[in-house]
Amino acid sequence: YQRRVHGSQNFWSLSGDSYSIVDAESEETLFEVKGHLLTLRHRKTLQSANGDILGYIRTDYISLHKTHVLENSEENEVATIKKKHIIQLKGNAEVSLADGRKVHVKGDFLDHYYTITDDAGTELAKAHRKILSLSNLVTDLQTYYVEINPGVDSAFIAALVTSLDEMFIRDEEDSTDKDD
């Protein structure tokens with residue numbers, strides 16, 4: 001069956017963007033994303049609901065294109081996520097898996113909607129974020145909704161969506177704030 005999950009994080013957070021990812025139907029917590037406020041590697045930890053470390057999400061500052069790296073719990077690289085272009089109007093990214101396969105992200109990050117596919121074009125997941133809703137305004141929560149297709153690793157998609165949010169959305173919000 002298709003798994004629907006959502007994660008909500010406070011727009012302003014002193015915890016370094018920590019939040020839970022829950023099953024949309026049962027409201028059961030599946031994963032915890034733990035942000036680390038003052039880290040040199042700008043790293044987040046993905047944990048299971050019972051606290052086991054599943055992996056890490058970190059920013060790679062050496063690359064020309066904005067790049068994030070997903071690591072497993074032993075800190076071995078699992079995937080590298082890069083924006084397709086330095087300046088882009090659409091949200092296109094390429095994910096290089098450690099085994100040589102590719103995952104593609106296409107969408108519109110200005111509208112906060114995108115699709116994740118494999119090399120064969122098979123849809124793995126869809127994600128969207130509601131920006132202007134009454135609950136977001138009242139609770140100060142930014143909520144992502146993700147539909148993960150059967151047989152797809154939910155933890156990988158959770159880490160990927162977290163990385164994409166950092167890469168496209170948070171950076172845009174941060175640069176907009178600096179212009180004010």
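These legends go with close-up views of a predicted model.

View 1. Welcome to Thr 67, a residue of strand 6, which spans residues 67-72. Thr 67 counts as buried because its relative accessibility is 1%, below the 20% cut-off for that label. Looking past the neighbours within four places in sequence, you will find Thr 67 in contact with Arg 58, Thr 59, Asp 60, Thr 80, Ile 81, Lys 82 and Met 167.

**View 2. Strand 6 and its cover.** Here we step back from Thr 67 to the strand that holds it. Strand 6 is mostly covered, with five of its six residues buried.

**View 3. Strand 6 beside strand 5.** Strand 5, made of residues 53-60, pairs with strand 6 in the antiparallel sense, and six bridges link them. To find your way, look for Arg 58, which stands opposite Val 69 of strand 6.

**View 4. Strand 6 beside strand 7.** Strand 7 covers residues 77-83 and runs antiparallel to strand 6, with five bridges joining the two. A handy landmark is Leu 70, whose bridge partner in strand 7 is Ala 79. Four residues lie between the strands of this hairpin, where Glu 75 takes a positive phi near 65°.

**View 5. Stretches to read with care.** The chain averages a pLDDT of 79, and 71% of its residues score at least 70. Over residues 10-15, pLDDT stays under 50, and the model has 15 contacts beyond four places in sequence for this stretch. Residues 172-180 also stay under 50 in pLDDT, and for them the model has three such contacts beyond four places in sequence.

Conventions
Residues numbered from 1 in each chain as written. Predicted model: local features only at pLDDT ≥ 70, side-chain atom pairs only at ≥ 80, totals over all residues. Heavy atoms only, no water. pLDDT = per-residue confidence, 0-100. Contact = heavy atoms within 4.5 Å. Buried < 20%, exposed > 50% of the residue type's maximum accessible area, 1.4 Å probe, protein only. Pairing = 2+ DSSP bridges.
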